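Here is a briefing on one protein chain. Look through the sequence and the 3D view, then work down the points.

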Amino acid sequence: MTKTDLRRIEFIALIGIVLIYGLLTYQRNFVWRDNLSLWLDVVKKSPTNFRAHIQLGDLYNIGKEDEMAISEYKEALRLNPMSPKAYNNLGSIYLRKGLFDEAMGYYNNTLRFNPESPEALYNLGVIYHRKGLLDTAIQYYRKSLQSRPNFLLARYVLGNAYEENGDIERAIKEYKIILKLSPDEAVVHYTLGLVYDKKGEFNEAIYYYTQALKINPRYPKALSNLGIIYRDRGRFDEAISLFKRALEIAPDAPGTLFNLGFAYEESAKRNQQRAMSKEQNDLINKAMKTYQKVLELEPDNIRAIERLALIMRR
């Protein structure tokens, strides 16, 4: 098993669905019911109030009450068949359900009445992305950004699509544009760290993982990946500390546990060279216990099984 095989970088995936909500529905959950009661009362008193049906649809959508949301949006369309917002949000419900053809029909209707709708263009990109049609997805994400250049989610997912398509430099460019527009996006700093990590440009990776952790000190994936780099550079104490911090936040992460165990092993080898047998034994015992925790979570984890077997043969 090579050192490359032993690296387990923590990855992320984010393709969100975008809806168009009215201002009132941006409220926190604790006022959701109050808003729902308000708009139910409006509809009861004025059944042909288009805005009230849209607001109810939004509220049911936020609450993941799909059938109720669909009913309200369709009633809104009966009252106003040219509402791009109702079409977009209906499309988003069907997309969430995995019904791509139905979703595309509603998004295309959105574009009939608002050809530059950034939400509909983005959501069509999401469908093509999920279908694996990356070139088409990229086209739609770019059209969405032409309509709204500061649409951060569209730009982020465009970067993801470029990465998947092997166009790493374009991906990096998109991520860096996001950070110019919004410097405190921890997930984007982390993503850039991942990109440079995979490229083997570890100084850049360290910089971006560290930036992510300045913004969000409780970011277990950033802690874990930074720990991997430090471990591979022989900075075992720092690596072990980072893995432990990650596990305080996400204690059942087998990848982080494995990397902690391997850091204990590598640290023991360093101490062996210094003839510190007691400390070496302590570290090996810690490695074994950590691999055993991995196997409690993943009994078929081949890497942990192999590491334990190697230790037992020594």
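Helices (H or I, at least four residues) and strands (E, at least two) are DSSP runs, numbered from the N terminus. The model is a predicted one: local features need pLDDT of at least 70, side-chain atom pairs count only at pLDDT 80 or more, and totals for chains, interfaces and linings use all residues. Residues are numbered from 1 along each chain as its sequence is written, and side-chain values use heavy atoms, with hydrogens and water left out.

**The whole chain**

- The chain has 17 helices and zero strands.
- Of its 314 residues, 50% are buried (under 20% relative accessible area; exposed is over 50%, partly exposed in between, with a 1.4 Å probe and protein chains only).
- Take the contacts (heavy atoms within 4.5 Å) with a separation of 6 or more: 55% of them join residues 24 or more positions apart.

**Phe236**

- Phe236 belongs to helix H14, residues 236-249.
- Phe236 is buried, with a relative accessible area of 9%.
- Leaving aside neighbours within four places in sequence, Phe236 is in contact with Arg231, Ala263, Glu266, Ser267 and Arg270.
- Phe236 and Glu265 are 29 residues apart in sequence, and their C-alpha atoms are 9.7 Å apart in space.

**The nonpolar core**

- A nonpolar core is a set of buried Ala, Val, Leu, Ile, Met, Phe, Trp, Tyr and Cys residues joined through side-chain atoms within 4.5 Å.
- The largest one has 92 residues, and Tyr141 and Tyr291 touch the most other members.
- Beyond four places in sequence, Tyr291 is in contact with residues including Phe258, Phe262, Leu308 and Ile311.

**Helices H6 and H7**

- The axes of H6 (residues 100-113) and H7 (residues 118-130) come within 9 Å and cross at roughly 155 degrees. Axes are lines fitted to C-alpha atoms, for helices over the stretch in contact, and angles run from 0 to 180 degrees between N-to-C directions.
- H6 is therefore roughly antiparallel to H7 (angles over 145 degrees; under 35 is roughly parallel, 65 to 115 roughly perpendicular, the rest oblique).
- Among the residues making the contact are Phe100 and Tyr107 of H6, and Leu121 and Ile127 of H7.

**Lys64**

- Lys64 lies in the loop between helix H3 (50-62) and helix H4 (66-79).
- Lys64 is exposed, with a relative accessible area of 54%.
- Lys64 has a positive phi of about 60 degrees, although it is not a glycine.
- Most residues other than glycine have a negative phi.
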